[in-house]
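This report sets out the strands, pockets and aromatic contacts of one protein model. Please read it alongside the sequence and the coordinates displayed here.

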Amino acid sequence: MSMTLEDLSSQLKKIDFCMLSTNAGSGRISARPMSNNGDVEYDGDSWFFSYEDSRKITEIEGIETVSLTFTAPPSLLGKPGIFIAVEGAASLVRDKAALEEHWIPDLERWFPEGVDTPGIVLIKVSASSIRYWDGEENGEVALPGSAT
């Protein structure tokens, strides 16, 4: 039995942080933790707030291909947690309406002026492939428009 995007969304609701990996040039990969902010009505797109002047933004502007790695801990009954690997294209969104749509009050910790914080940008990662492993099964999630 394969997971659907809906199944994946319910899993991602339980995982706040992932590792965002970008191409740092000269064959190097750079990774850092990012919060999905509970924004997981998952259709294959992931959204992350950042500051415009961060290294990850420069790296995305250079090479848009990124990966996201999500990991959930084992259950209380000992069932392994799920591992989710997303490969996709990152784009930068500066539209204020989009910033407001994805904003949650908890973000004020990092962006004190809300969506009006100078230098704020949204990173949108559109998945091209999603693989998962949960200790019992593994597979690839079919994306809309894919032949998977």
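## Conventions and confidence

A residue is called buried when its relative accessible area is under 20%, exposed when it is over 50%, and partly exposed in between, with a 1.4 Å probe and protein chains only. The model is predicted, with local features requiring pLDDT of at least 70 and side-chain atom pairs counted only at pLDDT 80 or more, while totals for chains, interfaces and linings use all residues. Residue numbers start from 1 along each chain as its sequence is written, and side-chain values use heavy atoms, leaving out hydrogens and water.

The confidence score, pLDDT, is the predictor's own estimate for each residue on a scale from 0 to 100. Its mean over the chain is 86, and 93% of the residues reach 70 or more. Helices (H or I, at least four residues) and strands (E, at least two) are DSSP runs numbered from the N terminus. Confidence is lowest in helix α1 (residues 5–12), with a mean of 78, and highest in helix α2 (residues 55–62), at 95. Where pLDDT is low, predicted coordinates should not be read in detail.

## Strand pairing

Two strands are taken as paired if DSSP finds at least two bridges between them. Strand β1 (residues 17–25) and strand β2 (residues 28–35) are antiparallel and share eight bridges; within this pairing, Ser21 stands opposite Ala31 of β2. Strand β4 (residues 65–71) pairs with strand β5 (residues 83–93) in the antiparallel sense over seven bridges, and Val66 faces Gly88 in β5. β5 is also joined, by eleven bridges, to strand β6 (residues 120–133), again antiparallel. In that pairing Ser91 has Lys124 of β6 as its bridge partner.

Asp45, in strand β3, counts as buried at 18% relative accessibility, and its C-alpha atom is 8.8 Å from that of Gly88, 43 residues apart along the chain.

## The β1–β2 turn

Which residue in the hairpin of β1 and β2 takes a positive phi? The hairpin has two residues between the strands, and Ser26 takes a positive phi near 55°. Most residues other than glycine have a negative phi. Ser26 is not a glycine, yet its phi is positive. Its place is in the loop between β1 and β2, and at 78% relative accessibility Ser26 counts as exposed.

## Pockets

Pockets were located on a 1 Å grid over the protein atoms alone: a pocket is an open set of points with protein on both sides within 12 Å along at least five of seven lines, whereas a cavity is a set where a 1.4 Å probe fits but cannot get out, and lining residues have an atom within 4 Å of a point. Grid points are joined across faces, edges and corners, and the volume is the space filled by probe spheres set on them. The largest pocket holds about 300 Å³. Its lining comprises 15 residues, of which Gln11, Lys79, Pro80, Ile82 and Asp134 are closest to the centre. For the class counts, Ala, Val, Leu, Ile, Met, Phe, Trp, Tyr, Cys and Pro are nonpolar, Asp, Glu, Lys and Arg are charged, and the others, Gly among them, are polar. On this basis the lining has seven nonpolar, three polar and five charged residues.

The second largest pocket has a volume of about 240 Å³. Its lining includes Phe17, Pro33, Phe49, Tyr51, Trp110 and Phe111, and β2 and β3 (45–51) each supply at least two of the lining residues. The lining divides into eight nonpolar, three polar and one charged.

## Aromatic cluster

Rings of Phe, Tyr and Trp (its six-membered ring) pair if their centres lie within 6.5 Å; planes under 30 degrees apart are stacked, over 60 edge-to-face, and the rest tilted. Phe49 and Trp103 form an edge-to-face pair at 5.4 Å centre to centre, with 90° between the planes. This pair links distant parts of the chain: Phe49 lies in strand β3 and Trp103 in the loop between α3 (96–102) and β6, 54 residues apart.

Phe49 is buried at 8% relative accessible area, and Trp103 is buried at 18%. Trp103 also pairs edge-to-face with Phe111, at 6.4 Å centre to centre and 70° between the planes; Phe111 is buried at 5%. Ring pairs link Phe49, Tyr51, Trp103 and Phe111 into a cluster.
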